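Me: I have a model open here and would like to talk through a couple of spots in it. Can you help me go over them?

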Amino acid sequence: MYPDPDSRSAKLTQRAMAVLPDGGSRSTIRLSPHAIYVQKGFGSRVTDVDGNELIDFNNNYTSLIHGHSHPDIVAALHEQVARGTAFAFATEAEIELAEMLTARVDGFDMIRFCNSGSEAVMNAIKAARAFTGRPKIAKCEGAYHGSYDFAEVSLGAGPESWGPEEQPNSVPYSHGTPQGVLSDVVVIPFNDPERAEAILDAHADELAGVLFDPVSTQVGLLPPTAAFLDMLTRFRERSGALLIFDEVIAFRQAYGGSHAILGIRPDISSLGKIIGGGLPVGAIAGRREVMQVFEVDGAKARLPHGGTFNANPMTMVAGRAAMANWTEDAVEDLNRMGEHCRESLREAIRVANVPGQVTGSGSLFRFHTHGRSMTTYRDTHPQGQEGQRNEHLFRHLVSSGIYSTPYGLGCVSTATGTEDVERLAEATTGALRTMREAGLFDS
Ligand SMILES: Cc1ncc(COP(=O)(O)O)c(C=O)c1O
């Protein structure tokens, strides 16, 4: 059962609190009242330090496209670790992963590696500034793009601060965010093309780029409308601002990335998560003329980009093994499993006879414990007892041996089986029934 004050996980959390602020190094996996400490993971399952087995629908926040400990990735890492883990030299593995990724995406002429999705977003923004010579970026209200302070603006914004719909505020996420950062980030309402266009037009000459995630997890995993996408591409054409796709998660949606699904070629994309085979990774990829900001021209590049662990061979060989197994057939099979998963969750809602809905596409899902219609970020913002419902659902699932995220986001990997999905649906039905009985759907 979670939480369990007598568990080894609870004791480790107490120990961690003395030396790690808030008990850890990653706010996105913080759980209250105690963390779950993991011992090992294989395929679709992990075992915690108390010996509980959990079916993993989190997959390290969507980064493990093949689940845990895929044999080819393990073999590649074993081979590399014996030869050295990091060098101040180039390795062929970097070229090989770059060739694999540029070959599969129409529009990735060149690529450059770093160590996290946050760094990738930061470098994509800096590349847009370096290319255009303009200072500002625009982003959608509420969207998550990692921890670069410009990309964090308006993340999780709520009614107390988000301002009018026709002109959303640039809301700081962290205390101490400089005013200069807020002034250089223009916030637009997702899926509201008229209002967004008016805001973009007002800043057109100063905008280096528009940062956009086609599958924004913090915007409810709602699909962008055709009108919104059309507005973004038209704005790019007339303003000269770049279109920056944040594909840190979205890349898993198709063999050819978001470009293949949306039929839009961004100028530059940020990548991360699945392309590193489970190791820390990020990348910036896109159109040659934009990527050339990284090339030394005279004394230095327009955008110098160092990094002690950039393209380290451990990440490169793990990424290469992961991508070699990420074939067109594998993507299709996985996305079919994703659809099966979403349908099974919808069936759970019907059986439990409660309000609810499931958004998502490809291998991603997000479970919502309410039935109101959603188009924009503001529609997704939790209302009434929704926060309590989400917490109850998460705890019930963990106690039933299922791990996703406290806000209903989940994904399948190539290791996910139909039995795993059945267990998820059964546990969800059970959770929803107990929530209904406890009156949690009353408001
Ligand atoms: C869309 C998006 N962009 C950027 C990031 C940041 O990636 P990382 O956690 O590797 O820094 C994330 C992480 O979840 C993400 O979902």
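Predicted model: local features only at pLDDT ≥ 70, side-chain atom pairs only at ≥ 80, totals over all residues.

Me: OK, which residues surround the ligand?

Reply: The ligand is surrounded by Ser116, Gly117 and Ser118, by Tyr144, His145 and Gly146, and also by Asp213, Asp246, Val248, Ile249 and Lys273. Sorted by class, that shell has 3 nonpolar, 5 polar and 3 charged residues.

Me: And what lies 2.7 Å from a nitrogen atom of the ligand?

Reply: That is a polar side-chain atom of aspartate 246. On the oxygen side, a polar side-chain atom of serine 118 lies 2.7 Å from an oxygen atom of the ligand, and a polar backbone atom of glycine 117 is 2.8 Å from an oxygen atom of the ligand.

Me: How much of the ligand does the protein bury?

Reply: The protein buries 82% of the 390 Å² that the ligand exposes when taken alone.

Me: Switching topic, at what angle do α4 and α12 cross?

Reply: The axes of α4, residues 92-104, and α12, residues 313-324, cross at roughly 35 degrees and come within 8 Å, and the crossing is left-handed.

Me: Which residues meet there?

Reply: From α4 the residues are Ala93, Glu94, Glu96, Leu97, Met100, Leu101 and Arg104, and they meet Met316, Val317, Gly319, Arg320, Met323 and Ala324 in α12. By class, this contact of α4 with α12 has 8 nonpolar, 1 polar and 4 charged residues.

Methods: Residues numbered from 1 in each chain as written. Heavy atoms only, no water. Axes fitted to C-alpha atoms, helices over the stretch in contact; angles between N-to-C directions. Helix = DSSP H or I, 4+ residues; strand = E, 2+ residues; numbered from the N terminus. Left-handed = near helix turned anticlockwise from the far one by under 90°. Contact = heavy atoms within 4.5 Å. Nonpolar A, V, L, I, M, F, W, Y, C, P; charged D, E, K, R; others polar. Near = heavy atom within 4 Å. Polar contact = N/O pair within 3.5 Å; in protein donor to acceptor, adjacent residues only side chain to side chain. Areas by Shrake-Rupley, 256 points an atom, 1.4 Å probe, with all protein chains shown as cover.
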